[in-house]
Amino acid sequence: MLEDNLRVPSGASYLLQNRAISKRAFADLFEKQSILPVDDYPDHLRRLLVSLASDELQGVRHPQVVVLTPGVYNSAYFEHAFLAQQMGVPLVEGADLFVDTSDRVWMRTIDGPKPVDVIYRRIDDQFLDPEVFRADSTLGVPGLMRAWRSGNVAIANAPGAGVADDKVVYAWAPDFIRYYLDEEPLLPNVPTYRCLYGDELDYVVEHAAELVLKPANESGGYGLTIGSAATPEQLEAAIAAVKADPRNWVAQPILKLSTAPTLCAGELAPRHVDLRPFVLSGSDTYVTMGGLTRVALVDGSLVVNSSQGGGSKDTWVVEDS
């Protein structure tokens, strides 16, 4: 495993759309092969969200679930709208919700306020509630954390879950598994050097040209430096940034990512890929029987992020006959 995404993991909608396109383009293959489905992801997601509502609400009425989006200018807005539509729940922005004096969350509708029980939030922690986090945020809901602490609303993923996205914390994940579960990890992590430790920092500085230098709390491929592809000036600047703030940096070996045939300018060519599966964890655990295969469309590039020009492919898991 290269990294974890727990705060607001994105890409499930592209997984679903890729499969829909594949079914049309390769209808004959789908008839002849037992390709396991991914289409049930929205149903599993909705059931999980409903299960998060407080016990007293479960028996009184059908819990109201909403998808909270930053709005149309967010790069993942398509996914927010798509998942809300697929689950059959309202898509709301911060201004569509309010918290009353009894710490209940309500949704503004043309029929008047309606109570909200579960929020699938696609907003980062610092923008969720201007009363607690960034006071200048217009994306969140004032009082939302009060309502959450009072047990009047469930938020998924829970505020604070993003601590596991920190790439320094990620390096300890195998130790967490051994300590709390008394088990060995089934999937090993990529070796990760934590620059906050002097000996590991010295190794990173000395071998920077052989490593990928990553900020601990960035995403989307931003801020990373691939040592073998960097100019001497870029590498020097990256090392200086690491030395200035060691806690905020990790380094990993430059992996030889797999390649897959990719149609580029009308011709098939090898391009590097990685795989992002999606996991829903509640009373039961659901793992997509497939995933989002991300593709680096630039020849030789190892950066597969869509924000850096990467594409995606459908991934098939074929049932063993």
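**A residue and its surroundings**

Author: Leaving aside residues up to four places away in sequence, T225 touches L211, V212, L213, A230, L235 and A238. Please bear in mind that this is a predicted model.

Reader: In which strand does T225 lie?

Author: T225 belongs to strand β10.

Reader: Is T225 buried or exposed?

Author: The cut-off to apply is that a residue counts as buried under 20% relative accessible area. T225 has a relative accessible area of 14%, so T225 is buried.

Reader: How do strands of a sheet pair in general?

Author: Strands of a sheet pair through backbone hydrogen bonds, and the pairing is either parallel or antiparallel. In the present case, β9 (residues 211–215) and β10 run antiparallel and are joined by two bridges. Within this pair, V212 has I226 of β10 as its bridge partner.

Reader: What is the order of the strands in the open sheet of four strands?

Author: The order is β8-β11-β9-β10, and the pairing is antiparallel. At the edges are β8 (193–194) and β10 (225–226), each of which pairs on one side only.

Reader: Which strands form the open sheet of three strands?

Author: That sheet has the order β3-β4-β5, again with antiparallel pairing. β3 (97–99) and β5 (114–115) each have a single partner strand, so one side of each is left without a neighbour in the sheet.

Reader: How many bridges pair β3 with β4?

Author: Three bridges pair β3 with strand β4 (residues 105–107), in the antiparallel sense. Opposite V99 stands V105 in β4.

Reader: Where do the side chains of a regular strand point?

Author: In a regular strand the side chains alternate between the two faces of the sheet. Strand β16 (residues 292–295) provides a case: L292 and R294 point one way, T293 and V295 point the other way, and all are buried.

Reader: Which strands pair with β16?

Author: Strand β13 (residues 267–276) is joined to β16 by four bridges, and the two run antiparallel. D274 has R294 in β16 as its bridge partner. Strand β17 (residues 311–314) also pairs with β16 in the antiparallel sense, over four bridges. In that pairing, L292 stands opposite D314 of β17.

Reader: How many helices and strands does the protein have?

Author: The protein has ten helices and 17 strands. Along the principal axes, its C-alpha trace spans about 60 × 55 × 45 Å.

Reader: What radius of gyration would a compact globule with 321 residues have?

Author: The value would be near 20 Å, and the protein has 22 Å, which agrees.

Reader: What part of the 321 residues is buried?

Author: Buried residues make up 42% of the 321 residues. As for the surface, the protein exposes about 17,500 Å², of which carbon and sulfur atoms supply 54%.

Reader: How many positive and negative charges does the protein have?

Author: There are 27 positive and 43 negative charges, and their mean positions are 4 Å apart.

Note on methods: Residues are numbered from 1 along each chain as its sequence is written. This is a predicted model: local features need pLDDT of at least 70, side-chain atom pairs count only at pLDDT 80 or more; totals for chains, interfaces and linings use all residues. Side-chain values use heavy atoms; hydrogens and water are left out. The radius of gyration is taken over C-alpha atoms; the globule rule is 2.2 Å times the number of residues to the power 0.38. Buried means under 20% relative accessible area, exposed over 50%, partly exposed in between (1.4 Å probe, protein chains only). Accessible areas come from the Shrake-Rupley method with a 1.4 Å probe; for residues, only the protein chains shown count as cover. Lys and Arg count as positive and Asp and Glu as negative; His and the chain ends are not counted. The place of a charge is taken as NZ of Lys, CZ of Arg, CG of Asp or CD of Glu. Two strands pair if DSSP finds at least two bridges between them. Contact means heavy atoms within 4.5 Å.
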